Amino acid sequence: MPHEADNIARLLESGFAMVDELLVSSTLRPAPPLVDVNTLLEGLDPALSTVAGPGIKLQTTLVAPESRVYGQSVDIERILLNLVFNAVAAMPGGGALSIETDVTQSPVAEKWRGVTPSFGNLKLTIRDTGRGMSEFELAKAMNPMAKPREDGTGLGLACILLILTRLGGTLSIDSEPDKGTAVTILLPLSPSGHQIH
């Protein structure tokens, strides 16, 4: 139980940081630092396991040899938490959830939302074995103007798209009914530790 309390405290701390970010004008903050996503994921793993719960097997695979991206930790945490909450909601009877980092070049496919940088990217993939989505549900999910679901959820993806636009990232979702969902995000890598503007 003490570990679970620590994980819940970490989630609350992340939530408070998100609220602080919304309340403070970006003109009053210093330039956002670099975020090492692999290191962030290692630190978040216990909290993400708590969110997933005992019925969902969580596996994190950090393949990317370089994972520094431009932005703030709160941005990446918000993306991860929203996607993990969505995945957990899609697996009420349990299942498997995997989070993976890798490095790739920019895609040239229309399915990606956001700007397409011309240099290497950190590839962040969140895959679940949940109920999946039909083409109609997928199109609705990718529409930032869509209304949230009746249970009040569904704004997470719009939030993620706004963050990605600010960070120069892109997003793709592959899903089929009863075959799960894979959300892949590309974030521009920051070469040699230099910030990307």
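The model is predicted.

The chain has 197 residues, and buried residues make up 42% of them. Its secondary structure comes to five helices and eight strands. Read from the N terminus, these elements follow the order α-β-α-β-β-α-β-β-β-α-α-β-β.

The largest nonpolar core holds 41 residues, and the members that touch the most others are Ile 76, Ile 99, Leu 171 and Ile 185. Several elements each supply at least two residues of this core: the helices α2 (37–52), α3 (73–89) and α5 (156–167), together with the strands β2 (56–62), β4 (95–104), β6 (121–128), β7 and β8 (181–188). Helix α2 gives the largest share, eight residues.

Leaving aside residues up to four places away in sequence, Ile 99 touches Leu 41, Leu 48, Leu 58, Gln 59, Thr 60, Thr 61, Leu 80, Val 84, Leu 124, Thr 125 and Ile 126. One of these residues, Ile 126, is also the bridge partner of Ile 99 in β6. That bridge belongs to the pairing of β4 with β6, which is antiparallel and extends over eight bridges.

Strand β6 is mostly covered, since six of its eight residues are buried.

Strand β8 in turn pairs with β7. Six bridges join the two strands, which run antiparallel; among the bridge partners are Asp 174 and, in β8, Ala 182. Together β7 and β8 form a hairpin with five residues between the strands, and in its turn Asp 178 has a positive phi of about 65°.

How many residues of β7 are buried? Five of its six residues are, so the strand is largely enclosed by the rest of the structure. Ser 172 lies in this strand, which covers residues 170–175. Is Ser 172 buried or exposed? Its relative accessible area is 1%, and because buried means under 20%, Ser 172 counts as buried. Ser 172 and Thr 125 are 47 residues apart along the chain, and their C-alpha atoms are separated by 9.5 Å.

In a regular strand, side chains alternate between the two faces of the sheet. This is a general point to keep in mind when following any of the strands in the view above.

The last stop is a pair of helices. Two packed helices are described by the angle and the distance between their axes. For α2 and α3, the axes come within 11 Å and cross at roughly 35°. The crossing is right-handed. On the α2 side the contact is made by Val 37, Leu 40, Leu 41, Leu 44, Leu 48, Val 51 and Ala 52, and on the α3 side the residues include Ile 76, Glu 77, Leu 80, Leu 81 and Val 84. By class, the contact has 13 nonpolar, one polar and one charged residues.

Methods:
Residues are numbered from 1 along each chain as its sequence is written. This is a predicted model: local features need pLDDT of at least 70, side-chain atom pairs count only at pLDDT 80 or more; totals for chains, interfaces and linings use all residues. Side-chain values use heavy atoms; hydrogens and water are left out. Helices (H or I, at least four residues) and strands (E, at least two) are DSSP runs, numbered from the N terminus. Buried means under 20% relative accessible area, exposed over 50%, partly exposed in between (1.4 Å probe, protein chains only). A nonpolar core is a set of buried Ala, Val, Leu, Ile, Met, Phe, Trp, Tyr and Cys residues joined through side-chain atoms within 4.5 Å. Contact means heavy atoms within 4.5 Å. Two strands pair if DSSP finds at least two bridges between them. Axes are lines fitted to C-alpha atoms, for helices over the stretch in contact, and angles run from 0 to 180 degrees between N-to-C directions. A crossing is left-handed if the near helix is turned anticlockwise from the far one by less than a right angle, and right-handed if clockwise. Ala, Val, Leu, Ile, Met, Phe, Trp, Tyr, Cys and Pro count as nonpolar, Asp, Glu, Lys and Arg as charged, and the others, Gly among them, as polar.
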